[in-house]
Amino acid sequence: MPPEYDWENFSNVTVKRLFSMITTLGTAALEDEEKLEQLNNLLSEMEEIYSTGQACEYDDPKTCLDLNPGLEDCMADSTDYNRLLFCWEGWRDAAGRRLGDLYSQFVELSNEAVRADGWNDTGEYWRSWYETADLQQQLETIYQDLQPLYQNLHAYVRRKLINTYGAEMVNAEGPIPAHLLGNMWAQTWGNIYKLVIPFPNKPSIDVTDEMVRQGYDARRMFNLSDEFFREMGQIPMPGSFWDRTMFVRPDDREVVCHASAWDFYLDNDVRIKMCTKVNQEDLVTVHHEMGHIEYFLQYAHQPLPFREGANPGFHEAVGDLLALSVSTPAHLNKVGLLPELVDDPEVDINFLMQMALEKIAFLPFGYLIDQWRWRVFDGSTTKDKYNEEWWKLRTQYQGIVPPVPRNPDKDFDAGSKYHVPANTPYIRYFVSFVIQFQFHEAMCSLSGYTGDLHKCDASAGAMKDVAGSRLAEMLRMGKSQPWPEAFEVLTGDREMSAAAILQYFAPLIDWLEKQNENETLGWNNGWTPPYDCEGTGGFTCLEGSRCVRPADKCDGIQDCDDNSDEDPILCETPNGRSSIYRAFSCDMIYSGNNMEAYPDICFFFTSKHLLTIKL
Ligand code: KAF
Ligand code: ZN
């Protein structure tokens, strides 16, 4: 069919841009309606599995933990090696394992859809949103510029973790076991600040305790954030936002707890959905989500196809950018969350360490997720290699290892991270973490600030109005022009660069280099921590040779050569599949309902063997 408009030859660049955007269909290009439905069903099934997954206690299968808050709190708060392992492994058994098959089907359909629209694969389509021919090259350069800083942080944290967990569990030259970094995915490490604090005798700059002490709740956190946006001359949240936002996890229904911001493209109807907890990390997340809303409000006058971020990284950067000012000790002191404010280089290092655990620790993670996904989409990583390739990247970039052996036939650890089943691209966060520092530097200098970048609160500058209106001007453009145009409005520059983030962390870089004089930077890829099979709910095959992890038992797939992991006696109970019994005497088994079905057999585990005893 000939096109009705010869838009490719239009002379007005804006109208031409509009046409090029509305003629791109993405996955909606899938013409076969049955397949389109199948694709949508796969996506909702994956989201459902992710948002309802639970890990149940080995010794009490009726007590189960949700990801949020249960398992996330466990990862954040526990310093018990095996408890952390239970939470880490339990989540991967509950979510990832059940998603591998669905995900590979999804990849096929998604590729088929975008191919109908002229793209080679889904990754290529996603990258096209950046309108940057050498995007991958540019990102790789930035990543290389930042890697020395990451390696220094990694080596310092590894040394501190040896102090906590011992040299057997954390090797001084190895990658770090993935469950010890305070976060389910080891993506940000702020929760282990207390284990790695550089100067423990100097004031803490973590405001969580103070928030709790002052009786903060979710609404108050949102109010504080809204006030800051106003102070910076941005558009306040509209009344309906306050009525329609979901601030906390409801107790009457299941919800997707992963935070999100929603633009209904109608009458300023914008909302956030978040299961807010009262702590510093979530205070930053509130700003992050509100940044999305602010962008929605600023570009609301644009035609629909332009109501998007200049590129996806911009959308992710807005709230984080403002949070960089809010997080400074000076600002936290101003809003009453930090009682004492002292000017001391050691306190500065404490503060920069806390920021590095959030911002620097994240960089390799933010970079690798889509390295993995792009290769899955372009076919160079096939389904049988999903998990192996995932861990290759996790070890190569982040310097972490799985704390328990992975099973390539069953485990699908990429699926345990929300954005994979939810099919949300991730490189945007890497871009955001880089450009938010460039934006911050620009805002600070526009506001008239001249000191150290990490101490800048743009709202304290004499010319903060200038900074605020430039920011608004950039946001108001939406996606109406290629991103370098918008970037230039605020920064005067047209390129992404690692320079601002390196400048921000300069004092910490010097300090870390001194701390690490005797450390080996980097990690040798061969090392893995010892794994205590029985200690973490696993059991050993009858023939004694092999450890079977809890989730491998009675799953219908033979893991033991003698098939004892699928032994019908072990697996059948009156109410279906058995859970794992870790009993140390027959009496305990006696009281369990297994005995009703098998009155003459008692079985129990020792450290090496499953014993079956005839009574
Ligand atoms: C960012 C900041 C600090 C730490 C870590 C990150 C990365 C990332 C993460 O792994 O937690 N952050 C988020 O996922 C925050 C959620 C969101 O605001 O980015 C959200 C993700 C999402 C949720 C549901 C459907 C699609 C995407 N994004 C948005 O709500 C959004 C993004 C663009 C435009 C409008 C809304
Ligand atoms: Zn976001």
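Is K334 buried, partly exposed or exposed? At a relative accessibility of 49%, K334 counts as partly exposed, where buried denotes under 20% relative accessible area, exposed over 50%, and partly exposed the range in between (1.4 Å probe, protein chains only). The structure is a predicted model, in which local features need pLDDT of at least 70, side-chain atom pairs count only at pLDDT 80 or more, and totals for chains, interfaces and linings use all residues. Residues are numbered from 1 along each chain as its sequence is written, chains are lettered from A and ligands numbered from 1 in the order in which they are written, and side-chain values use heavy atoms, with hydrogens and water left out.

The zinc ion (ligand 2) is coordinated at 2.0 Å by H288 through NE2, H292 through NE2 and E316 through OE. Donors are here N, O and S atoms within 2.8 Å of the metal (3.2 Å for Na, K and Ca); water is not among the atoms, so sites may look incomplete. Along the chain, the donors of this zinc ion follow the spacing H-x3-H-x23-E. Both histidines, H288 and H292, belong to helix α12 (residues 280-298), where they lie 4 residues apart, about one turn of the helix. E316 is found in helix α13 (residues 312-326). Helices (H or I, at least four residues) and strands (E, at least two) are DSSP runs, numbered from the N terminus.

H288 is buried, at a relative accessible area of 12%; H292 is likewise buried, at 9%, and E316 is buried at 5%. Contacts, meaning heavy atoms within 4.5 Å, were listed without residues up to four places away in sequence. On this basis, H292 touches A261, H315 and E316, while E316 touches H288, H292, R428, Y429 and S432. An unreviewed UniProt entry places the feature "binding site" at H288, H292 and E316. These positions span 29 residues in sequence, yet no two of their C-alpha atoms are more than 7.2 Å apart, so they gather at one spot. UniProt positions are given in the numbering used here, feature names are shortened, and annotations may be inferred rather than shown by experiment.

Side chains of opposite charge can pair when their charged atoms come close. A search of the whole structure finds 37 salt bridges, each defined as a side-chain nitrogen of Lys or Arg within 4 Å of a carboxyl oxygen of Asp or Glu. One of them joins E131 and R17, with an N to O distance of 2.8 Å. This pair links distant parts of the chain, 114 residues apart: E131 lies in the loop between α6 (122-128) and α7 (135-165), and R17 in helix α1 (residues 13-22). E131 is partly exposed at 40%, whereas R17 is buried at 12%.

A further salt bridge is formed by E89 and R549, whose closest N and O atoms are 2.7 Å apart. E89 lies in helix α4 (residues 81-94) and R549 in the loop between β8 (547-548) and α23 (568-571), so the pair ties together parts that are 460 residues apart in sequence. E89 is buried at 0%, and R549 is buried at 4%.

E231 pairs with K334 at 3.3 Å between the closest N and O atoms. E231 counts as partly exposed at 28%. Salt bridges that share partners join E89, D93, R97, R406, K410, D411, D413, R549, D552, D555 and D559 into one network.
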